Amino acid sequence: MMLRSSVSPATSTTPAAATTARDRSGSQSSLDHRTSSRLSVLVIGGVAGLLVAIIAGRPLLTIVAAAPLLLAVAGSLLHRWPDLAATIDSPDRAVEGDQVDLLVRVTSAVGIPWLQVDIQLPADMQPVDGIRQAIVSVPPGGRTTVRFPVTLARWGVATPGRVEFVARGPFGLFLSSTVLQPRAPIRIHPRDGNRPSVVVPERLRMRVGAHRTNRHGDGSDFAEVRPFRTGDSLRSVNWRVSARQRERWVTVRHPDQAGDLVFLLDSFRDVGPEDNRLVQRAVRAAMSLADSNLGVHDRVGLLDVGLRIRWYRPGQGRLQKARLLDALLESQAEPGLSLPKIDQLPLHELGADAMVVMLTGLTDPDMSLLPIELKLRGLQVAVIECLADDHIAPPEDQATELAIRLWRVQRAARRKQLVDHGVPVMPWSADQPIELPVAALAKHRPGPGAGAATGWAP
């Protein structure tokens, strides 16, 4: 039975595929040529029929017995081994929930009357209508494109599985098979929702931004009205108040400035089932907060400590956003590795005015000491604790329950140690939006009356 698939001939190429997909070809194994069991059945059946016809002396039976042999001879004469070559194209980036096309292109100098294409898909890719197989034909010297529509069910980095090809010669007597292994992944970005709260660093730079400061200067937020002083600009004169007071008065405003923000992602230890991982939630929160701060012209950087150390200096603009998203999507946790030493981290590149926001589950004792080290170096540090209890399955026996209780006590001790060193720690459970810990952390920051910025703006 021929399964439904979308096949386009070699002479037609859809513009959408040409513009949105780039070459994602992988490594292809060599062709494996072999004869099918059908050829053996025809030969053995034909020879056996001839022997029976000769022994029985039945001429008509000889004609019937010779038919399988003639079919085998005709198929052998018509057959030529194909030189099948295949590539797979897919989008480089996509958004969670989108439907994309995986395009498998097959070429051969020798015509292939029957070609079976099977594709394996990861859990992040759901085939539309369950299509994972197609049966097509390839014209001599031409190309056939097979389209497999898939839905990207979950954000992250996903690579299509191996693609298996089985080509059959005339009458299905000869088989040629090969395997194509894609090598380039698809980066699936989370679907944009409402932007969460914006993290406002305590120390802002003299750079145009969107954060209100307590200093006076050119800006959009009203500060006060006072009498005119030498050096004031005539553009700031409040003519209405000046007319009432019969002397010059000026309107003073708060300047809007920007800051530097570095997200420290703890991806060293991970807990939870495959579809509900602790690091995945921390990554998604970092994406949302980075997007929000980049939207208000802050410089945002990333320090990912996990399988390997990745450092991205603070930057601005759409290019920086794409760079950070790609880095966050590839964040992986690898159990059993040794934690990098403190001198291996690029802490010397963190600016004195940069604020470090660590997203962690406090599951590793050494990683829990890193915010204290940053605090002792004079940096602004805050911790958003992704509660790991939300990712732990209920205990099945008493020993497991005792182990989980001990684990909770250890994490509570680490949390208290951070607070004792002046590092604010805000818990964040899986059923809460990221705005809640951001708003709660604002209470631990100095307000406008203390001569600093407004803290964490809800």
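**View A. Arg93, with a relative accessible area of 38%, is partly exposed.** Buried stands for under 20% relative accessible area, exposed for over 50% and partly exposed for values in between, computed with a 1.4 Å probe on protein chains only. A salt bridge is counted when a side-chain nitrogen of Lys or Arg lies within 4 Å of a carboxyl oxygen of Asp or Glu. The model is predicted: local features need pLDDT of at least 70 and side-chain atom pairs pLDDT 80 or more, while totals for chains, interfaces and linings use all residues. Residues are numbered from 1 along each chain as its sequence is written, and side-chain values use heavy atoms, without hydrogens and water.

**View B. A salt bridge joins the side chains of Arg269 and Asp364 at 3.2 Å, N to O.** The pair links distant parts of the chain, 95 residues apart: Arg269 is in the loop between S19 and H5, and Asp364 is in the loop between S22 and helix H7 (365–368). Helices (H or I, at least four residues) and strands (E, at least two) are DSSP runs, numbered from the N terminus. Arg269 is partly exposed at 30% relative accessible area, whereas Asp364 is buried at 5%.

**View C. Lys321 and Asp291 form a salt bridge through their side chains, at 3.1 Å, N to O.** Lys321 is partly exposed, at 28% relative accessibility. Asp291 is buried, at 14%.

**View D. Five charged residues, Glu385, Asp389, Arg408, Arg411 and Arg415, belong to a network of salt bridges.** In the whole structure, a search finds 21 salt bridges.

**View E. An open sheet of 6 strands has mixed pairing and the order S21-S20-S19-S22-S23-S24.** At its edges are strand S21 (309–315) and strand S24 (425–428), each pairing on one side only. From one strand to the next the twist averages 20°. Strands are taken as paired if DSSP finds at least two bridges between them. Strands of a sheet pair through backbone hydrogen bonds, either parallel or antiparallel. Strand S20 (residues 299–305) runs antiparallel to S21 and is joined to S21 by 5 bridges. Within that pairing, Leu302 stands opposite Tyr312 in S21.

**View F. Strand S19 is largely enclosed by the rest of the structure, because 7 of its 7 residues are buried.** Asp260, Val262, Leu264 and Asp266 point one way from S19, while Leu261, Phe263 and Leu265 point the other way. In a regular strand the side chains alternate between the two faces of the sheet. S19 runs parallel to S20, with 7 bridges between them, and Val262 stands opposite Gly301 in S20. S19 is also parallel to S22, through 5 bridges; here Leu265 stands opposite Leu359 in S22.

**View G. Helix H5 (residues 278–295) lies across strand S19 (260–266), S20, S21, strand S22 (355–360), strand S23 (380–386) and S24.** H5 runs at about 170° to S19. Axes are lines fitted to C-alpha atoms, for helices over the stretch in contact, and angles run from 0 to 180 degrees between N-to-C directions. Contact means heavy atoms within 4.5 Å. H5 is mostly covered, with 14 of its 18 residues buried. From its first C-alpha to its last, H5 reaches 26 Å, close to the 26 Å expected at 1.5 Å a residue. The expected span is 1.5 Å times one less than the number of residues. After H5 comes His297, with a positive phi near 70°.

**View H. A second open sheet, also of mixed pairing, has 3 strands in the order S6-S15-S12.** Its edge strands are S6 (93–95) and S12 (156–158), each of which pairs on one side only. Neighbouring strands are turned against each other by 30° on average, direction ignored. S12 and strand S15 (residues 186–189) run antiparallel and are joined by 3 bridges; Val157 stands opposite Arg187 in S15. H6 packs on this sheet, touching S6, S12 and S15, and its direction makes about 105° with that of S15.
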